[in-house]
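Please prepare a short report on the nonpolar cores and aromatic contacts of the structure shown here.

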Amino acid sequence: MSDTTNGTTDGITDGTADGTTDGERLAEWIEDVPARVMRLDTWYTPEDFTPDMSAESLGLLEDALVFTYRPEGTPESQDFLQGAMAYLGEALMVVGGGRWAWSADDRPVVLPDPALGLAPLDPLGLIVAAQERDRSGAFTEAADALRVAVAAHRERVAEPGWKPAKQATPGLDPGAADAPHPWLAGWLAERADGHAAWAAEAGTGSAAGAGTWDFSPESLETLGRLMVDRFPDKEVYRAAEDTPFVQGAVWYVGEVAVRHRHGAWTYREAAAGIPRDEVERNIYLERPFVNQPTVRDGVGEVPFYALLATVGDKDPGTLLERLARYRDHDPDADPVEYREG
């Protein structure tokens with residue numbers, strides 16, 4: 001059994017041993033963390049839940065687990081539980097740094113920054129404890145205990161600016177953008193090659209000439225006017241999703257964010273066997289979108305839906321308003337130092 005109470009890491013696998021099954025499981029777990037957090041946010045948490053790793057989000061997650069989670073053994077209940085484990089572990093590491101590891105109990109645990117001298121943290125154990133106790137706050141108390149340990153270490157080493165080190169989780173933490181999905185790479189190349197033709201078509205019959213499309217933020221308002229003029233309602237726009245014009249508009253909106261707001265293109269393919277209606281419920285599946293991989297708590301935007309909102313609202317300014325939602329990069333605001341694994 002792994003020792004999770006005395007500050008040691010007995011029975012913990014760090015994933016580096018040659019040929020170990022535990023190391024492979026750990027790598028698979030870390031790779032799936034972003035998707036698990038995304039599904040948790042989309043399907044299993046209340047509308048006011050925001051996956052920003054905040055104390056408020058931990059409270060809402062704990063309430064969702066206590067009041068709505070049922071260990072039924074179904075794929076959905078397992079997905080909910082594993083998403084909660086992934087989010088809770090990541091939220092705790094945003095406070096106390098550290099990295100994922102695999103325990104002898106055959107589940108993922110968190111090793112806080114070694115400088116803190118703390119025992120491994122077991123997200124599943126915390127979830128079980130939260131369900132068994134008669135008051136809420138188990139998750140926030142765990143995070144608060146890490147804050148106390150960080151503050152004590154800063155005082156002990158007389159370094160007020162010291163930050164715990166966290167092994168960056170690819171696709172979730174600030175860091176280099178992932179290699180593009182093969183479908184996305186082809187789509188981006190096709191859109192870039194077709195931009196001149198798209199710009200010429202977009203300038204036809206409107207106040208915009210081909211030179212308008214310079215990828216400036218201001219050009220989004222021109223595109224917004226064009227979308228409102230061209231599509232009378234959402235249904236007409238949706239029906240035209242696969243046309244070169246709409247696909248070119250999707251690419252253009254995303255490219256403005258890439259060039260001006262620390263954005264990066266990404267694409268997530270739905271896992272085999274997921275019903276089509278569930279794929280459609282998750283706006284981040286099987287449509288290209290832009291996120292901010294180098295920005296802590298960066299936002300994501302699906303350009304197709306930004307354009308849909310523009311058409312639905314009949315407001316040319318919608319695209320520019322949505323661009324303003326992207327966050328600025330401020331490394332000093334990061335609570336931990338991110339390190340590549």
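Which residues in the largest nonpolar core touch the most other members? This is a predicted model, in which local features need pLDDT of at least 70 and side-chain atom pairs count only at pLDDT 80 or more, while totals for chains, interfaces and linings use all residues. Residues are numbered from 1 along each chain as its sequence is written, and side-chain values use heavy atoms, with hydrogens and water left out.

**Nonpolar cores**

A nonpolar core is a set of buried Ala, Val, Leu, Ile, Met, Phe, Trp, Tyr and Cys residues joined through side-chain atoms within 4.5 Å, where buried means under 20% relative accessible area, exposed over 50% and partly exposed in between (1.4 Å probe, protein chains only). Of the 42 residues in the largest core, those that touch the most other members are Trp29, Leu61, Leu65, Tyr87, Trp100, Ile127 and Phe139. Two or more residues of this core come from each of helix H1 (21-44), helix H2 (55-68), helix H3 (75-96), strand S2 (99-103), helix H4 (123-132) and helix H5 (138-157), with helices (H or I, at least four residues) and strands (E, at least two) taken as DSSP runs numbered from the N terminus. H3 gives the largest share, 12 residues. Leaving aside neighbours within four places in sequence, Leu65 is in contact (heavy atoms within 4.5 Å) with Phe80, Ala84, Ile127, Gln131 and Phe139. A second, separate core of 38 residues includes Trp187, Phe215, Phe245 and Tyr305.

**Aromatic pairs**

The structure holds 19 aromatic pairs; rings of Phe, Tyr and Trp (its six-membered ring) pair if their centres lie within 6.5 Å, and planes under 30 degrees apart count as stacked, over 60 as edge-to-face and the rest as tilted. Two stacked pairs are set out below.

| Pair | Centre distance | Plane angle |
|---|---|---|
| Trp183 and Trp187 | 6.1 Å | 15° |
| Trp198 and Phe245 | 5.9 Å | 25° |

Trp183 and Trp187 are 4 residues apart in helix H6 (residues 182-193), and so are separated by about one helical turn. Trp183 is partly exposed at 38% relative accessibility, whereas Trp187 is buried at 4%. The pair of Trp198, in helix H7 (residues 195-203), and Phe245, in helix H10 (residues 244-260), links distant parts of the chain, 47 residues apart, and both residues are buried. Trp198 and Phe245 also belong to one aromatic cluster, whose members include Phe215, Trp251 and Phe304.
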